[in-house]
Every structure is written in C-alpha cells, then in structure tokens.
Amino acid sequence: MKQKLFLAVALIGCIVFSACTSSAPHPKYVFLFIGDGMGLAHVTLTEDYIAAKNGVHGSGSVSFTQFPITGLVTTYSANTLVTCSSAAATALSTGHKTNNNMMGIAPDSITHFASLTYPLHRAGYKIGVATSVSIDHATPGAFYATSLSRSNYYEIATQAASTGFDFFAGSGFIYPKGKNKDQADIYEQLETAGYRIVRGPEGAAQLAGDAGKIVLVQAESEKEHRRLPYAIDRKEGDLTLPQITQAAIKTLYNPDGFFALIEGGQIDWAAHANDGAAVIHETIDFSEAVKIAMDFYRQHPDETLILVTADHETGGLSLGRDGKYAVHPLAFDGQQRSLESEPTDEKAVFVQEINSNAFCAWPTKGHTGTMVPVYAIGAGSERFSGKLDNTDIPKRIAELMGVEFSGLK
Ligand SMILES: [Zn+2]
C-alpha cells in the first residue's frame, strides 16, 4: 500500500514537474539595467525627494521599485569585499569573479572569461550595450571586452568592432585615436565593420527598425567624450539615457529576441563626488529610462524580462546624520547644478552644506561593500528573488534565454 501510494505521488509529481518545465518562462527580450553605485539609500533618498516634491512625507516612487520581485545581491570581488565597477561588471557579465581593476580576465591574469552577450549573440539574439558614460568604461566594457586593466580604454574600445553586436551607445569613446592620438580611429574601425555612427538626439530619433548595426554617441560638436551631461546639468539638445533606451529598442527589436545592457553610469560618479542633488537627479533619469523598457514590456508581457540592479554601492550614503532623526530632501533643491560642473573649493563647501542641511552624510568618496537591490518584472522574474550573488545574475539570464553559458572563452 505504501509503495502504491509512493508511486502515485511520484506520478503526480512527474506530471506536475513536466507541466512546470514545459511552461517554464522563456523571455526573449531581456533588459539588464545597472545603476552604477546605486545602493538602497540612493533609491530611498530619491523616493523621499519625489514624495516631498508632491507635498507628502515618506516614499514616492521611482519606476522600478514597483516591480513585483526584489532580491538582494552580494557584490564582493575576488580579492576584496569592496568591489570596483570592472570586477563587478565582470561578475554580472561572465558569472565569474575577478580582482578589482581587471575586466573579463581571471585573477591569474591568464584565463579569459567571456560575457554572456557572446553565446546569446551566437544563438541569434540581437545585442545592445548602452551607457550614460563612455562605451569603453568599466561596466559596458565588461559586456564585450576583456583587459588586464579597466583603464586601457583604447584597448577596450578596439574590441567593439569585431563583436558583431547590434547596438552600442553612450557618450563616445575616451581615446578614439588612442591616448597619444596616433592610433587607428575607433569610429573608422566600427564603420569598416559595418556600423553606422549616429549622433545626438536627432540621430537617435531617426532610427528605424531596419537601422542595421548602430553606434549612437553624442553630437559631434560635443568635446566631452567621457560622459553625457549629468541630468541636473542638462541642456536642450543633450543626448539622454531615456533617448538611448528608446533607440536601443528600435534597433534591437526583432522576432528572435534581444539582450540589452543599459547602464546609468553617473549615479556612481555623483556619489563619488558626494553630490546628493546630482545623485537624486541621475536616479530619476535612470528611472525614466526604465520606464521606456516598461512600455515595451506592456506590449510583450509574456516574452520580456526587465532586471534593474547595481554593481555596488557608492559613498556609504547615510540618510540621517549627527544623531538627528530626520532627512530634509528638499534641501537639495538649493543646488541647481552638479559640483563637477563648477569644481571650485567654494562649490565643494556649498555642496557639503547642502548635504548637512538635508541631514545626509557620506563617510567615503569610494565604494562600499553592502548588498545592493535587484528588481525584476516579467518572464522568469521570480528567479531573482531572495539573496543572490552578482555571479548568479548572468547564469540565470542565460538559462532563462535557453543558452548554454560557462562564462569562459
Ligand atoms: Zn565608482
């Protein structure tokens, strides 16, 4: 009797299991948004600011905190609890940890890892790599390049042309002709490889579904290759991360699916500067970019997965300071432009006063080792709840997209 009961239970289990596996979620449009340096405090402060702007106390809402699934992600690198962006991006792109400052190469300096973008591309998915900073920077770089040092910007950039990926976007390249301006031009390499270089918001707006392989950067007149202007400093005609996200969708959308990495790179930079006002406006801008992907999700809810996470926390942002049980987010409205737009001693003192008036504090101008959030919505999103390691994220994406992935070359 016991045996019969066991067989019956096993049979039911098999039926349930096969039903589960046959209906397993299989997203074919996947967005991985990385808010560089965006810890829980950065999100909380931004939501408190939004609430205060609406005349209420508590928590307003950025787009992604409304996602049904949340998890917490450990970010330590191979050699320290406090990761840098290139080691974190290596973990998020290859599923392997490495030492700080290395990109896509193991701590032994020999073993080369491979980003999940490569097997996804071979499997027929279109691939996009986009950021609000330069395309050769640590986070976007780790999704297409390998280098012993994240500072080898030209070496990283030269690897873009041979990827065959479909969309690159950002401010530009830090050294388009090498550090000494004596090497082969990156843009010419990309054009030779079949990419069309598109510049500024006008170029982005003209992209159509049959655009081919695209590199979207700032307008030619822009001298600043390092990054898009901060959201708080933005002028009419500046290229923005939401525009880049829209362009990515236009370029990548096809019946076989895509993977888009989209980085809000300057939440980190503003936090390095302990510039709370710039952090808030960058986080709102990042949230606006995620909204563009959410519009796409609503049109393809069964086939789309959106993940929003961070590579690490920056600044150790404290909400509350000096024993005071309060935060005054509207104090940040006393500042109209970023500290970096006017890097004087007087402005630095002023920004510290603003932080003090807001009862926010920053114990470091570097990164910290706390866990960061991951927010998920769509097909397979439930795989991103609970406590994860950053190396779990690309493995679970590859599994959901039905691609074998070792993270090794
Ligand atoms: Zn950083």
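Predicted model: local features only at pLDDT ≥ 70, side-chain atom pairs only at ≥ 80, totals over all residues.
1. Lys181 sits in the loop between β4 (167–169) and α7 (186–192); helices (H or I, at least four residues) and strands (E, at least two) are DSSP runs, numbered from the N terminus. The phi of Lys181 is positive, near 55°, in a residue other than glycine. Most residues other than glycine have a negative phi. Lys181 is exposed, with 9 other C-beta atoms within 10 Å.

2. Residues are numbered from 1 along each chain as its sequence is written.

3. The protein chain has 13 helices and 14 strands. Its radius of gyration is 22 Å, close to the 22 Å that the globule rule gives for 409 residues, so the chain is as compact as a globular protein of that length. The radius is taken over C-alpha atoms, and the rule is 2.2 Å times the number of residues to the power 0.38. Along the principal axes, the C-alpha atoms fill a box of roughly 85 × 55 × 45 Å. Buried residues make up 51% of the 409 residues.

4. The largest nonpolar core has 117 residues. Such a core is a set of buried Ala, Val, Leu, Ile, Met, Phe, Trp, Tyr and Cys residues joined through C-beta atoms within 7 Å. Helix α11 gives the largest share of this core, eleven residues. Phe31 is among the residues with the most contacts inside the core. Leaving aside neighbours within four places in sequence, Phe31 is in contact with Ala260, Ile262, Ala293, Ile306 and Leu307; contact means that the C-beta atoms, placed from the backbone, lie within 7 Å.

5. The axes of helix α2 (residues 40–53) and helix α11 (residues 276–299) come within 9 Å and cross at roughly 90°. That makes α2 roughly perpendicular to α11, a term for angles of 65 to 115 degrees. Axes are lines fitted to C-alpha atoms, for helices over the stretch in contact, and angles run from 0 to 180 degrees between N-to-C directions. From α2 the contact takes His42, Val43, Leu45, Thr46 and Tyr49, and from α11 it takes Val279, Ile280, Thr283 and Ile284.

6. Ten of the ten residues of α3 are buried, so this helix is largely enclosed by the rest of the structure. The buried residues of α3 pack against β1, α5 (138–141), α10 (266–272) and α13. After α3 comes Gly95, with a positive phi near 80°.

7. In helix α13 (residues 392–400), the buried residues are Asp392, Ile393, Pro394, Ile397, Ala398 and Leu400. Their cover includes β1 (29–35), α3 (85–94), α4 (117–122), β8 (304–309) and β14 (386–389). Gly402 follows α13 and has a positive phi, near 75°.

8. Ser109 lies in the loop between α3 and α4. Its phi is near 65°, a positive value in a residue other than glycine. Ser109 counts as exposed, with 11 C-beta neighbours inside 10 Å.

9. Arg122 belongs to helix α4 and is exposed, with 11 other C-beta atoms within 10 Å. Between the C-alpha atoms of Arg122 and Pro329, 207 residues apart along the chain, the separation is 47 Å.

Terms used
Parallel < 35°, antiparallel > 145°, perpendicular 65-115°, else oblique. Contact = placed C-beta atoms within 7 Å. Buried ≥ 20, exposed ≤ 12 C-beta atoms within 10 Å, placed from the backbone.
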